[in-house]
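Hi,

Here is the structure I promised to pass on to you. Have a look at it first, and then read on for what turned up.

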Amino acid sequence: MHIDNGSINKNPFPHPLIQHQLPLVPKMRHDIEYYKKQGLYFYLETTEEMLPNSHVRVSGHGNMIMLGGYSYLGLIGHPQINAAAQAAIDRFGTGTHGVRLLAGSLTLHNELEARIAAFKQAEAAITFSSGYVTNVATISSLLRKGDTVICDKLNHASIVDGCLLAMADFVRFRHNDMVHFEKRLQEVAGNGRKLVIVDGVFSMDGDIINLPEVSRLCRQYDAYLMVDEAHSLGVLGETGHGIEEHFGLPADTVDIKMGTLSKTIPAAGGYIAGSQELITFLKHEARAFIFSAAVPPPSAAAAKAAFDVIEAEPERIQALQTNFTRFANRLRAAGFDLLQTETAIVPVICKSTAAAVRLAKYCQDKGIFVQAVVSPVVPVGQERLRACVSASHTLTDIDYCANVIIAGGCKLGIL
Ligand SMILES: Cc1ncc(COP(=O)(O)O)c(C=O)c1O
């Protein structure tokens, strides 16, 4: 599938005075044109309208069942959340015209941060303009030369990028392997600080970090612990409060509680919740807080309202679990490998790029909006269809999606 098309990156308009100008754009890993010609390219498709029950109207494809989004509790379009966003626009407008430290701090930001801190049972919280920058800014500003950061191998790219930007030593342990994790802790040399970072739910595999053991080892080896709850907030725990609730661990188990406002929470932004000392530090030292604009008013208001809705409507968490169990049981019974997923993220392993993109196309042609995820995002041999279940899918849609994926798997020789 990797076709070397040497002509596509040549500069068509070379500068007349520069004889051997190198191309501005480096060679891409995938031959996009090849996939487009084969009709296998389904990225950047345009949604024209969000419809009820996790349906979307997609330009050129019509009404589709959304099985690729992160609206885990189906909160997008919730009337209370929409009303909060609209009221924020009426009061503050659509932007802040500034960074938080100078002119961009609104009462809404303070209220949202207090709401997040209460929800995650922390002393304080800070918000950033995205989950990605939250990780990059927090990790790179906290760590110094001589410190060590220890990560699960499958941590999200934003954590990896934060670690690469930091001046600390960067080591990784095999995914959710506690023996290897302890070995890594033992290998740390010097007297610097140790920071362990893990995803709560892993974004590509859907499995849950072994938090009881990770936190026990952190205490034993004097390491601080940061957990990214992008995919566990609103999903894990009987009332959706996340990973500590899931394992019945105390609220102070995690030193740095990170999450996004773009998945279960239908807005944009990211947060860190933790001690007052940590939050004061980040508000004055994290470069993406100092030098980048605040979360816009409608997003801040929507996010704040969404935390209220999660607590007021716990039946959504139960519905998500019911939908996941039904969907995963059907696919596993048919013979699909779904790795160790226990959450809304369902990796349907296809074992090759060709099989993954063909199964995705089969589903897309039958009205399911779902994507193939291939190497290097996932390891070679674990190329997959990545399906995300929502509380707002109907059981009829869940069954339909399972039936189509199973029929496609049989037709394409994956099963
Ligand atoms: C585990 C994890 N952390 C962080 C992020 C970044 O969040 P955002 O999309 O809000 O920037 C993502 C996004 O997919 C994620 O999966």
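Helix α5 (residues 131-142) packs against helix α10 (residues 276-285) at an angle of about 100 degrees, and their axes are 10 Å apart. Angles of 65 to 115 degrees count as roughly perpendicular, so α5 and α10 are roughly perpendicular to each other. Please keep in mind that this is a predicted model.

On the α5 side, the residues that meet α10 are Thr138, Ser141 and Leu142; their partners in α10 are Leu278, Phe281, Leu282 and Glu285. By type, the residues of this contact of α5 with α10 divide into four nonpolar, two polar and one charged.

Which element gives the most to the shell around the ligand? That is α5, with three residues. The ligand has 15 residues around it, and those that come nearest are Tyr132, Asp228, His231, Ser262 and Lys263. Sorted by type, the shell has two nonpolar, 10 polar and three charged residues.

Some distances to oxygen atoms of the ligand may be handy for you:

- His231: a polar side-chain atom lies 2.6 Å from a ligand oxygen.
- Ser262: an N or O atom in the side chain is 2.7 Å from a ligand oxygen.
- Gly131: a backbone N or O atom lies 3.0 Å from a ligand oxygen.

As for cover, the ligand on its own has 390 Å² of accessible area, and the protein covers 85% of that.

Best wishes

Definitions and conventions
Residues numbered from 1 in each chain as written. Predicted model: local features only at pLDDT ≥ 70, side-chain atom pairs only at ≥ 80, totals over all residues. Heavy atoms only, no water. Axes fitted to C-alpha atoms, helices over the stretch in contact; angles between N-to-C directions. Helix = DSSP H or I, 4+ residues; strand = E, 2+ residues; numbered from the N terminus. Parallel < 35°, antiparallel > 145°, perpendicular 65-115°, else oblique. Contact = heavy atoms within 4.5 Å. Nonpolar A, V, L, I, M, F, W, Y, C, P; charged D, E, K, R; others polar. Near = heavy atom within 4 Å. Polar contact = N/O pair within 3.5 Å; in protein donor to acceptor, adjacent residues only side chain to side chain. Areas by Shrake-Rupley, 256 points an atom, 1.4 Å probe, with all protein chains shown as cover.
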